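Come and look along with me, and I will jot down each thing as I look it up.

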Amino acid sequence: AIVVPSHYLKSILMMWGIPREKIIVIYNSFEVPKERISKEEARKLLSLSGVVVVSAGRLVPWKGFNTLLEIFPQLENSMPGIELFIAGDGPEKESLLSYRKEKGLEGKVHFLGQIAKEKLWNYIRAADVFVLNTSYEGLSHQLLETMALETPIVTTAIGGNPELLTEKEGFLVSPNNKEQLISSILKATGE
């Protein structure tokens with residue numbers, strides 16, 4: 001048998017010629033955050049206010065962080081005082097930092113680097129919305145953790161993501177679709 005973490009990946013293996021009956025789907029497990037603090041407590045702990053958007057992942061092209069930076073000014077027009085926090089590191093870090101500087105987004109778009117899981121969970125708890133603009137995902141541990149923290153999600157309708165989310169948890173958009181991302185973030189934050 002071959003074990004995969006989503007029906008999406010099962011369909012990929014079947015396209016490669018592996019018989020359906022040999023493929024078993026077992027969704028990823030994840031560590032459930034044990035500490036339960038409220039959104040308000042997390043915001044106080046991190047000294048955050050206003051509209052808070054959080055994203056996390058490896059800083060690589062298929063995670064779409066560049067698009068988040070590109071749409072930020074439009075989000076800011078609708079939600080003055082909005083801040084974007086991106087946790088993670090990777091090969092695109094320098095180009096993303098250069099873009100942030102070029103567009104004058106320092107103080108509004110924050111790169112947290114690699115942070116401890118517990119600290120990331122506090123940022124996610126404090127957020128109005130968690131955004132994962134990825135163009136590839138087998139089954140995201142990050143989305144599972146964010147759902148456990150009960151923070152609204154905007155992510156892409158690719159890979160295993162549609163197997164996780166319903167309208168209760170968030171919004172599914174096309175990868176790097178700026179209009180859909182903006183609209184869904186505004187809806188998720190109540191704007």
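Before anything else, I noted how elements get their names: helices (H or I, at least four residues) and strands (E, at least two) are DSSP runs, numbered from the N terminus. I also noted that this is a predicted model, where local features need pLDDT of at least 70, side-chain atom pairs count only at pLDDT 80 or more, and totals for chains, interfaces and linings use all residues. Residues are numbered from 1 along each chain as its sequence is written, and side-chain values use heavy atoms, with hydrogens and water left out.

**Entry: one serine**

I began with S184 and found it in helix α8. Is S184 buried or exposed? It counts as buried, because its relative accessibility is 7%; buried means under 20% relative accessible area, exposed over 50%, and partly exposed in between (1.4 Å probe, protein chains only). Next I looked up its contacts, meaning heavy atoms within 4.5 Å. Setting aside neighbours within four places in sequence, S184 is in contact with V154, F171 and V173.

**Entry: the whole chain**

Then I stepped back and counted eight helices and eight strands in the protein chain. The radius of gyration is 17 Å, close to the 16 Å of the globule rule for 191 residues, so the chain is as compact as a globular protein of that length. That radius is taken over C-alpha atoms, and the rule is 2.2 Å times the number of residues to the power 0.38. Along the principal axes, the C-alpha atoms fill a box of roughly 55 × 35 × 30 Å.

I looked up burial too: 48% of the 191 residues count as buried. Among contacts with a separation of 6 or more, 63% are between residues 24 or more positions apart.

**Entry: the nonpolar cores**

I wanted the nonpolar cores next, each a set of buried Ala, Val, Leu, Ile, Met, Phe, Trp, Tyr and Cys residues joined through side-chain atoms within 4.5 Å. The largest has 26 residues, and L75, L84, I86, V109, V131, V154 and I185 have the most contacts inside it. Two or more residues each come from α3 (65-78), β4 (83-87), β5 (109-113), β6 (129-132) and α8. Which element gives the largest share of this core? I found that α3 does, with six residues. Apart from this core lies another, of 24 residues, including A87, F130, I153 and L165.

Not counting residues up to four places away in sequence, I86 touches S55, L59, F65, L69, V109, H110, F111, L112 and G113.

**Entry: a covered helix**

How many of the eight residues of α6 are buried? Six are, which leaves α6 mostly covered. I listed them as Q142, L143, L144, E145, T146 and A148. Their cover includes β3 (52-56), α5 (117-126), β6, β7 and α7 (161-164).

Most residues other than glycine have a negative phi. E150 lies in the loop between α6 (141-148) and β7 (153-156), and it counts as exposed because its relative accessibility is 71%. N176 is in the loop between β8 (170-173) and α8 (178-188). At 33% relative accessibility, N176 counts as partly exposed.
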